[in-house]
Amino acid sequence: MSRGLSPRDVAFYLRGRLTRQLTRLATARDRTPPVVPVPVDEVIRGDRSPQALTRLLEGRSNADREAAVARYLRARSIPFSVHRFASAEGSGENFSVDVGAGARVLLLAAHHDAVDRSPGANDNAAAVGILLSLIERLAAAPPSTLRLRFLFTAAEERGYLGARHYARDTQVGELAGVLSLELCGIGDSVVIWDAGEETPLLRTVGSALEGIGLARDRRYHVVGRIPMFGSDHRAFAPLGVPAYGFTLVPSANADALRHLIRRPVPFDTYHTPRDRGSTLEPPALALALQALEAVIGATAQAGLR
Ligand SMILES: [Zn+2]
């Protein structure tokens, strides 16, 4: 255990361990054959839709997933920072890309690691693909009143370890908010979760989603905690930053967000060998991208002050 370990760190660490043990139990009898990953260079040369970019990570080991993100950013000449961390809990590299200008920062996070034996397509290669796609789309016309930070974290599956180190080592005061993307590749409605009391960010996200024709409680949902589910934004929330999860689910299964006992889609493949690229839905990825672009536009306008 490292110095400066707070009770919260211990709780996150234990949560990560429990998750991994439950995953091992749940997948012990799954005989789904492993995914053969596509060579990284082929992905880099290929098209840059979120769907195509999920292959950057799908089916690789965590070390290879981490290396693939850095290699992609370098190959595409996208300037990025490396945040390396190491502690008794584990080590890894977070990568961040800043786009735009302004004093306030909206942080969009997606973890690049996956659990053992899962190809990690929806969790979380899809989210990484969406953010990489978004970076290239914004490069043409970066916002002038808002800085966006795209953060690709390591070791989310170890109790948000990469994000916890990042949050500790960064100026959280400049963060207007955090959205952590998880399971963004299946479904037709957006879920903003871990939402407690109303904040300027929640209001802005809500009006942005309404603005692209999504009706609340039908095509987008704002909910509290989702049982058995967490993400990197939880490393920022205790530091006073408005921080939420951003996920897609099929509208028909939105009710399950409150219970999650029967494991409906997309949670049925979550953390299993069946979390493969073939299960991803291009319209879901497109919706996530459109929703985030709307949120960025609205946030740049609102300023969130
Ligand atoms: Zn995840």
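The expected span of a helix is taken as 1.5 Å times one less than its number of residues. Helices here are DSSP runs of H or I with at least four residues, strands are runs of E with at least two, and both are numbered from the N terminus. Residues are numbered from 1 along each chain as its sequence is written. What you're looking at is a predicted model, where local features need pLDDT of at least 70, side-chain atom pairs count only at pLDDT 80 or more, and totals for chains, interfaces and linings use all residues.

Let's start with helix H5, residues 121-139. Its 19 residues reach 26 Å from first C-alpha to last, close to the 27 Å expected. H5 is mostly covered, with 15 of its 19 residues buried (20 or more other C-beta atoms within 10 Å of a residue's own; 12 or fewer makes it exposed, in between partly exposed, and C-beta atoms are placed from the backbone). Asn124 lies in H5.

Now for the packing. Two packed helices are described by the angle between their axes and the distance between the axes. Axes are lines fitted to C-alpha atoms, for helices over the stretch in contact, and angles run from 0 to 180 degrees between N-to-C directions. Here are two pairs that involve helix H8 (residues 282-302).

| Pair | Angle | Axis distance |
|---|---|---|
| H7 and H8 | about 125 degrees | 8 Å |
| H5 and H8 | roughly 50 degrees | within 10 Å |

The angle makes H7 (residues 200-211) oblique to H8, and H5 and H8 are oblique to each other as well. For the wording, under 35 degrees is roughly parallel, over 145 roughly antiparallel, 65 to 115 roughly perpendicular, and the rest oblique. H7 passes H8 in a right-handed crossing, and H5 passes H8 in a right-handed crossing too.

Which residues of H5 and H8 meet? Ala126, Ile130, Ser133 and Leu134 in H5 touch Leu285, Ala288, Leu289 and Leu292 in H8, where contact means C-beta atoms, placed from the backbone, within 7 Å. By class, that contact has seven nonpolar residues, one polar and no charged. Nonpolar covers Ala, Val, Leu, Ile, Met, Phe, Trp, Tyr, Cys and Pro; charged covers Asp, Glu, Lys and Arg; the others, Gly among them, are polar.

Over at the H7 contact, the H7 side includes Pro200, Thr204 and Val205, and the H8 side includes Ala291, Ala294 and Val295. The residues there split into nine nonpolar, five polar and no charged.

Next comes helix H6, residues 161-169, where Leu161 is found. H6 is mostly covered, with seven of its nine residues buried. The cover over those buried residues includes helix H1 and strands S1, S2, S3 and S4. Leu161 counts as buried because it has 28 C-beta neighbours inside 10 Å. Beyond its neighbours within four places in sequence, Leu161 is in contact with Glu89, Gly90 and Ala155. Leu146 is 15 residues from Leu161 in sequence, and the two C-alpha atoms are 27 Å apart.

Finally, two loop residues. Arg117 isn't a glycine, yet has a positive phi of about 70 degrees. Arg117 sits in the loop between S3 and H5, and counts as partly exposed because it has 17 C-beta neighbours inside 10 Å. Asp194, also not a glycine, has a positive phi near 65 degrees. Asp194 is in the loop between strand S6 (189-193) and H7, and its 18 C-beta neighbours inside 10 Å make it partly exposed.

Technical notes:
A crossing is left-handed if the near helix is turned anticlockwise from the far one by less than a right angle, and right-handed if clockwise. Two residues are in contact if their C-beta atoms, placed from the backbone, lie within 7 Å.
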